[in-house]
Amino acid sequence: MNKERIIVVDDDPDVLFMIVGSLRQKGYDVEEATNGLEAIEKLRTQEQFSVMLTDLMMPGMNGLTLLRETHKLDELLEVVMVTAVGTLETAIAALREDGAFDYILKPFESLNQLAVVVERALAHRRLVLEQRVLQSRIQSEAEWLRALISNTGDAILAADVNGTLTIANPAALRLLKTDNIVGKSAQDGLPMTLSKIIN
């Protein structure tokens, strides 16, 4: 069974039954809701969902409002709008402005098309989560490196390809008798001998 959870929101019981049944047959863990308020309650109280498929036109809270509210609760939830041809423009606007992942037109060409869209949404979410982990790791390693450079007794200077100083640890600042030279040109901020080495 796939650990990634999906919530399907539709006020039409027949459509809801068809979508939920199809996705469960594909091995997904699927929860259903018949309106936006019920979906919000399940998002708040249940184990995290990865993808939400929601009908765009529903009484009470429509799919667009539901999309906005769910992203307040979980910005990483991938939302697929289920829409009829008549509301296609609204679904496309939701993609551009409100962060929907995709839309799918009903009546569906096939239930396999639905599964493909869901799998694409899940794959996108995995990539976003992976990117966040990598960014966090890079930031952690950069902080460790900064701490290492700051606490070493040796003077350390570094510059970018344009000759702008990017690193000057406390030992280097003491040696140069200055408070800060990061951001300055190596040619302007350093004695000529050091400037030649950096260049």
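Axes here are lines fitted to C-alpha atoms, for helices over the stretch in contact, and angles run from 0 to 180 degrees between N-to-C directions. Helices (H or I, at least four residues) and strands (E, at least two) are DSSP runs, numbered from the N terminus. The model is predicted: local features need pLDDT of at least 70, side-chain atom pairs count only at pLDDT 80 or more, and totals for chains, interfaces and linings use all residues. Residues are numbered from 1 along each chain as its sequence is written, and side-chain values use heavy atoms, without hydrogens and water.

Start with the sheet. Select strands S1 to S5: these five form an open sheet, ordered S2-S1-S3-S4-S5, with parallel pairing (two strands pair if DSSP finds at least two bridges between them). At the edges are S2 (29-33) and S5 (102-105), each with a single partner strand, so one side of each has no neighbour in the sheet. From one strand to the next, the twist averages 20°.

Next, select S1 (residues 5-9) with S2; five bridges join them in the parallel sense. Arg5 has Asp29 in S2 as its bridge partner.

Finally, select H1 (residues 13-25) and H5 (residues 111-151), whose axes come within 10 Å and cross at roughly 65°. Met18, Ile19, Ser22 and Leu23 of H1 meet Leu111, Leu114, Ala115 and Val118 of H5.

Technical notes. Contact means heavy atoms within 4.5 Å.
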